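Try each task before reading its solution.

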Amino acid sequence: MTVFAVEYAYAQDSTELRNEHRPAHRAFLSEYLDEDEVRLLASGPTPVLDGALLIFAATSEAVLSEVLDNDPFKKVGGLGKTTITEWNPVIGMLSAFAS
């Protein structure tokens, strides 16, 4: 598996929209806590940047991207930009998930 850092930049003026859909967004992400092909390792907001950082282990960036296309925040227009970066954590608890 490869580890990926995913940065969400929220769409401008989407606070109310995201608040409405946050339960579905969190339920969606929770489905990937124990998956084999794509596994969510950590997730949380980055208030200073008005976005979020999500850390995944996945078999490929393409598979991860396909999963992220189904995030309720994306489907309702709550995301302005998504950036996926391959990451190699070499120290710490996430290093166990790196290839």
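**Exercise 1.** Locate Asp 13 and decide whether Asp 13 is buried or exposed.

*Solution.* Start with the place: Asp 13 sits in the loop between E1 and H1; helices (H or I, at least four residues) and strands (E, at least two) are DSSP runs, numbered from the N terminus. Next, take the backbone: phi of Asp 13 is near 60°, a positive value in a residue other than glycine. Finally, with a relative accessible area of 76%, Asp 13 is exposed (buried is under 20%, exposed over 50%, partly exposed in between, with a 1.4 Å probe and protein chains only).

The model is predicted, so local features need pLDDT of at least 70, side-chain atom pairs count only at pLDDT 80 or more, and totals for chains, interfaces and linings use all residues. Residues are numbered from 1 along each chain as its sequence is written, and side-chain values use heavy atoms, leaving out hydrogens and water.

**Exercise 2.** Describe the aromatic pair formed by Tyr 10 and Phe 73, and find which parts the pair ties together.

*Solution.* First, the structure holds two aromatic pairs (ring centres of Phe, Tyr or Trp, the last by its six-membered ring, within 6.5 Å; planes under 30 degrees apart are stacked, over 60 edge-to-face, the rest tilted). One of them joins Tyr 10 and Phe 73 edge-to-face, at 6.1 Å centre to centre and 85° between the planes. Tyr 10 belongs to strand E1 (residues 2–10) and Phe 73 to helix H3 (residues 72–75), so the pair ties together parts 63 residues apart in sequence. Lastly, both Tyr 10 and Phe 73 are buried.
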